[in-house]
Amino acid sequence: MAQITLIEAVTQAMAYEMQRDPSVVVLGEDVGVNGGVFRATQGLQQKFGELRVLDTPLDELSIAGLTVGLAAQGMKPIAEAQFEGFIYPMMEHIVCHAARMRNRTRGRITCPAVFRAPWGGGIHAPEHHSEANEHLFANVPGLRVVLPSSPARAYGLLLAAIRDPDPVVFFEPKRIYRQYKEEVPDDGEALPLDVCFVLRDGSDVTLVTWGAQVKECLEAAEQLAAEGISAEVIDVATLTPLDFDTIAESVNKTGRCVIVHEAPRTAGFGGEIAARVAEQCLYQLLAPIERVTGYDIHTPLYRLEQKQLPSTARVVAAAKRTLAAG
Amino acid sequence: MTIAAKFEIEYLQYLDVDGKPVRKDLPEFTKDLDHMVELYKLMVSTRIFDAKSIALQRTGKLGTYASCLGHEAAHVGIGSAMRPEDVLAPSYREYGAQLYRGVRPRDVYMYWGGDERGNDYQNEPARHDFAWSVPIATQCLHAAGTALAFKIRGEKRVAVCTIGDGGSSKGDFMGAINVAGARELPLVAAIVNNQWAISVPRKYQSGAQTLAQKGLAAGLHCIQVDGNDIIAVRKAMGDAIERARNGGGGSVVELVTYRLGDHTTADDARRYRGKDEVDEAWLKDPVKRLRAWLEGKKAWNQAKEDAWHHECDDWMDNEVNAYLQTGAQPVGAMFDYTFAELPAELEQQRAYALSLEQQAH
């Protein structure tokens with residue numbers, strides 16, 4: 001079986017579902033002949049034709065509005081925003097229509113759409129190509145926010161997102177698009193959209209993260225282990241609706257919680273997780289909750305970009321602070 | 001000088017303000033006087049419905065309501081030109097088109113009366129139409145997406161969106177007609193140009209001579225129509241819709257009319273426009289115009305008018321009663337349509353909200 005990267009897993013999932021379900025269509029800028037600027041839709045137009053893999057006019061607003069119309073009338077569209085920094089014109093249709101069509105019409109019209117976007121920093125890209133903005137969507141009722149961090153999870157979660165009867169914003173951490181390969185059987189098996197992944201068992205501290213920061217957290221856990229500290233690593237992956245039970249179970253066990261995310265700290269999704277830990281796990285906590293996040297600044301251009309991204313060293317230091325505290 | 005492109009915009013009108021034909025080639029459908037009477041009756045019932053809605057709002061029985069007074073020919077004309085299998089994506093005041101397609105007055109009352117069930121249209125073909133779209137012009141792209149779905153599936157159906165003169169300024173409208181032209185989608189965008197976007201007049205929306213010509217830049221067919229002449233509306237919309245159905249491309253149809261009432265019940269149009277202008281607009285009243293034409297054909301008279309008003313009054317009373325007798329939804333309904341299946345977290349919030357209800361009783 002072939003080993004594939006995260007982005008190849010994205011392509012594999014779309015190809016599988018387009019083959020299985022004729023109502024699945026892909027639309028966006030350069031998704032056709034060019035196969036997408038990151039090649040996520042490579043080969044799909046050749047296989048499924050020009051209409052099912054549609055190069056739209058260069059207008060994100062149109063992509064989002066067309067997607068709502070398609071989904072509301074029986075199709076299962078997968079819209080691509082070329083970068084997460086270009087998703088803002090799409091927000092009106094995502095927030096005002098896709099996420100509330102079911103509620104507005106008491107279930108008469110629904111919007112089973114996927115809005116995909118490469119997400120996050122770390123690839124030396126120009127301005128607006130390196131944002132972490134998942135929290136802006138996590139606050140929207142009726143919307144799922146999904147952020148896979150491995151080829152296998154990208155495949156299973158994207159299949160689930162396409163099949164889900166409600167709209168999903170699917171962010172793909174572009175920094176790890178081609179970080180490593182793993183075997184991903186093309187078996188059409190979807191993963192649940194409401195379960196966090198425990199990537200590493202541990203007993204002293206829980207590292208809660210998502211997206212590309214999974215890499216830094218796993219590295220941090222290795223380094224901590226070398227010093228005799230046992231860290232559990234949770235990939236939240238399905239931010240909303242949040243599977244808090246998995247996080248609570250871990251924090252109640254370890255008594256320490258470090259939340260790691262790339263987005264700015266204030267009103268980031270880490271704040272929501274911290275609040276729930278405080279609400280539900282306070283008496284099991286042995287130390288204050290720690291957050292390792294991006295600063296409350298705009299993503300710097302690439303010469304300083306790494307200074308904004310949470311590093312393995314910052315995660316290790318935060319974990320150690322929780323051990324020192326109690 | 002070398003000309004890269006030339007264009008002209010047709011203006012279509014059949015009846016003058018007194019209901020007299022201004023040209024001899026009236027469309028074929030006008031020979032069916034029973035059908036023309038049906039259109040007239042719906043224009044009248046739409047007006048009676050509208051007056052009832054405003055009365056409900058003024059007596060505290062309805063929330064903010066957007067009136068359609070003066071748009072009856074435009075709206076009923078749009079509805080009558082569509083086939084059942086087509087899809088309508090309206091903004092928020094096209095009741096004449098919606099009543100034609102099976103939306104009930106009680107649905108409209110429910111929506112403006114604060115109950116989402118008003119959007120759950122029970123009758124076909126409205127059941128597969130879009131609900132009211134409050135964010136301006138966004139419905140244009142939903143219609144374009146619908147048209148794209150028809151094209152992908154090879155269905156001979158047409159998506160129709162309605163938009164105001166103000167809405168034609170928005171990117172959603174431009175995006176919708178742009179992609180419809182680029183991909184030859186079966187989309188018909190009807191601009192109901194009622195001269196006022198709340199307080200801003202048509203002239204400040206665009207420097208273009210007509211709003212119809214915006215479609216030219218998108219490669220669509222364009223026509224400007226007397227929107228108070230239902231024969232012209234029905235003809236222009238019908239031609240555009242059937243052309244789109246048969247692969248001839250989409251259209252922008254500008255229906256020139258006038259908003260005789262306030263923008264909504266929360267608005268007071270006297271703040272920004274003079275009485276003279278409104279009085280003059282009343283001379284072009286679409287209902288009066290079709291009535292005069294029908295009476296000239298001996299297809300309508302005062303006795304029929306009185307009888308139909310009486311029938312409409314009963315109909316609306318029945319609808320109003322149905323609306324007023326419908327209790328609020330149970331609190332759980334706030335949660336039940338957020339997702340197909342309620343996530344655990346929302347289940348908890350729902351249970352909490354329900355427990356507050358039980359404590360209150």
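Q: In this predicted model, what is the relation of helix H9 (residues 244-254) of chain A to helix H10 (residues 269-281) of chain A, whose axes come within 10 Å: roughly parallel, roughly antiparallel, roughly perpendicular or oblique?
A: The axes of H9(A) and H10(A) cross at roughly 60 degrees. Angles under 35 degrees would count as roughly parallel, those over 145 as roughly antiparallel and those from 65 to 115 as roughly perpendicular. The crossing is right-handed, and the angle between H9(A) and H10(A) is therefore classed as oblique.

Q: Which residues of H10(A) make the contact with H9(A), and how many residues of that contact are nonpolar, polar and charged?
A: On the side of H9(A), the contact is made by Phe244(A), Ile247(A), Ala248(A), Val251(A) and Asn252(A). These face Ile273(A), Arg276(A), Val277(A), Gln280(A) and Cys281(A) of H10(A). By class, the contact of the two helices has seven nonpolar, two polar and one charged residues.

Q: Which strands stand at the edges of the open sheet of chain A?
A: The sheet is formed by seven strands in the order E3-E2-E4-E5-E7-E6-E12, with mixed pairing, and the twist averages 20 degrees from one strand to the next. An edge strand has a single partner strand, so one side of it is left without a neighbour in the sheet. In chain A that description applies to strand E3 (53-55) and strand E12 (238-240).

Q: In which sense do E6(A) and E12(A) pair, parallel or antiparallel, and which residue of E12(A) is the bridge partner of Val146(A)?
A: E6(A) and E12(A) pair over two bridges, and the sense of that pairing is antiparallel. Within E12(A), the bridge partner of Val146(A) is Thr238(A).

Q: How many residues does each domain of chain A give to the contact between them?
A: The domain assignment of chain A gives domain 1 (3-183) and domain 2 (197-325), and the centres of these two domains, taken over C-alpha atoms, are separated by 27 Å. The contact takes 27 residues from domain 1 of chain A and 24 residues from domain 2 of chain A.

Q: Which elements give two or more residues to the side of domain 1 of chain A that touches domain 2 of chain A?
A: By class, the residues on that side of domain 1 of chain A divide into twelve nonpolar, nine polar and six charged. The elements that give two or more residues to this side are helix H6 (134-138), strand E6 (144-146) and helix H7 (151-163) of chain A.

Q: Which helix gives the most residues to the side of chain A that touches chain B?
A: In the contact between the chains, 37 residues of chain A meet 33 residues of chain B, and the chain A side has 15 nonpolar, 13 polar and nine charged residues. The elements giving two or more residues to that side are helix H3 (60-72), helix H4 (91-98) and helix H5 (101-104) of chain A. With nine residues, the one that gives the most is H3(A).

Q: What is the handedness of the crossing of H4(B) and H11(B), left-handed or right-handed?
A: The axes of helix H4 (residues 105-112) and helix H11 (residues 302-324) of chain B come within 8 Å and cross at roughly 40 degrees, and the two helices are therefore oblique to each other. The residues of their contact divide into seven nonpolar, no polar and two charged, with Pro105(B) of H4(B) and Met316(B) of H11(B) among them. The crossing of H4(B) and H11(B) is right-handed.

Key: Residues numbered from 1 in each chain as written. Chains lettered and ligands numbered in written order. Predicted model: local features only at pLDDT ≥ 70, side-chain atom pairs only at ≥ 80, totals over all residues. Domains from an automatic or database assignment. Contact = placed C-beta atoms within 7 Å. Helix = DSSP H or I, 4+ residues; strand = E, 2+ residues; numbered from the N terminus. Nonpolar A, V, L, I, M, F, W, Y, C, P; charged D, E, K, R; others polar. Pairing = 2+ DSSP bridges. Axes fitted to C-alpha atoms, helices over the stretch in contact; angles between N-to-C directions. Left-handed = near helix turned anticlockwise from the far one by under 90°.
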